[in-house]
Amino acid sequence: MAAIPASEQTQPADRAAARCMVVIPCLNEARHIRALLTELSEPAERNDLRIVVADGGSTDDTRDIVREVADQNPRVVLLDNPRRLQSAAVNQAVAAYGDEVDFFIRIDAHGGYPANYCDRLIEEASASGADSVVVSMATKGFGLFQKATAVAQNSKLGNGGSPHREGAPGHWTDHGHHALMCVEAFRAVGGYDESFSHNEDAELDYRLRAAGYRIWMTDKTFMTYYPRASASALFRQYLGYGRGRARNILKHRTWPKLRQAIPLLVFPVVVGASLAFLSLSALVPAGLWIAACLGYGTWMAIGQRNPYGLLASLCAMIMHLAWSMGFWLQILGSWRRGEAAS
């Protein structure tokens with residue numbers, strides 16, 4: 001008898017009647033959590049969804065708000081997440097309630113979603129037979145710096161042409177922003193690796209694909225992402241992203257894609273500029289990078305008539321430098337630990 005593909009082994013007999021829940025990892029989201037739970041109340045009722053808020057020990061009013069909402073809506077439950085990480089939050093929710101459902105939908109507390117978001121994801125899972133349905137991200141800002149960062153992240157200068165950043169047509173893919181996932185597939189590969197504080201989604205997608213599970217990038221819905229509102233917060237975020245990507249590459253012995261490899265050069269050329277006291281030619285590589293970013297920002301400002309174009313180029317430079325620095329610091333740290341262990 002021929003072996004059954006992994007993606008077929010996990011499919012419920014009738015996906016149209018598949019059971020689903022929503023998981024919301026959160027930490028100190030008092031400003032957003034009530035509105036988000038209110039937005040989810042109708043789709044939860046339509047689709048018979050439990051809403052699990054996995055809180056990582058919030059010190060603001062988040063937990064009180066969730067309890068207050070749960071008193072009015074029995075579909076909402078509060079779950080403690082002592083490890084605080086998003087990866088651990090989802091793992092805990094699946095461990096606690098996964099036996100009751102076929103799929104879970106991951107919702108970020110600090111994001112925006114269309115009213116039919118859950119409906120479209122469930123429909124896409126049924127229509128495609130995918131083990132995971134991922135979505136594209138539309139970045140939106142409010143203050144000056146946040147708006148400029150959104151412009152950068154929505155551009156090729158900031159996202160390198162990543163399909164889940166640009167809203168590509170529906171297609172099978174190897175990675176995207178996590179939205180809906182089959183519980184059996186999630187459990188079969190061990191869930192999220194809780195040693196990852198960043199890039200845990202790409203790491204899980206690698207294991208899903210390696211095990212034969214299928215990931216569908218839908219074009220029927222999307223999420224809105226709100227970027228960091230300060231240069232320091234943006235730098236710290238991308239420093240973590242860079243470290244996470246390096247850990248992913250080291251763990252699975254893979255190579256970065258071209259759109260990832262190019263920004264990796266930024267930290268080395270910036271460090272190389274410190275050798276300018278020996279030769280001014282050491283400034284050339286860093287100068288070319290700065291000129292390319294400012295040139296792209298000028299083109300956005302003039303060619304696209306975007307008032308945030310030039311500031312967006314500076315935001316992109318922060319992202320490039322922090323991502324590259326995080327990557328190389330993680331590689332160097334891993335090399336030193338390996339050398340020490342030997």
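**Buried positions, strand pairing and cysteines in the predicted model**

Asparagine 199 is buried, its relative accessible area being 14%, a value that lies under the 20% below which a residue is called buried. In the chain, asparagine 199 belongs to the loop that lies between helix H9 (183–188) and helix H10 (200–210), and its backbone shows a positive phi of about 70° even though the residue is not a glycine.

A positive phi is also found at asparagine 28, where the angle is about 55° and where, again, the residue is not a glycine. Asparagine 28 sits in the loop between strand S1 (20–26) and helix H2 (33–47). With a relative accessibility of 35%, asparagine 28 counts as partly exposed, because this value falls between the 20% limit for buried residues and the 50% limit for exposed ones.

Attention may next be turned to strand S8 and its partners. Strand S8, which covers residues 177–182, is mostly covered, as 6 of its 6 residues are buried. Strand S4 (residues 103–106) is joined to S8 by 3 bridges, and these two strands run antiparallel; across this pairing, isoleucine 105 stands opposite leucine 180 of S8. Strand S6 (residues 132–139) is likewise antiparallel to S8, to which it is joined by 4 bridges, and here valine 135 has histidine 177, in S8, as its bridge partner. As a general point, the side chains of a regular strand alternate between the two faces of the sheet.

Cysteine 118 is in no disulfide, and the nearest cysteine sulfur, which belongs to cysteine 20, is 7.1 Å away; a disulfide would require the two sulfur atoms to be within 2.5 Å. The relative accessibility of cysteine 118 is 2%, so this residue counts as buried. Cysteine 182 is in no disulfide either, the nearest cysteine sulfur being that of cysteine 20, at 10 Å. At 1% relative accessibility, cysteine 182 also counts as buried.

How values were computed: Residues numbered from 1 in each chain as written. Predicted model: local features only at pLDDT ≥ 70, side-chain atom pairs only at ≥ 80, totals over all residues. Heavy atoms only, no water. Buried < 20%, exposed > 50% of the residue type's maximum accessible area, 1.4 Å probe, protein only. Pairing = 2+ DSSP bridges.
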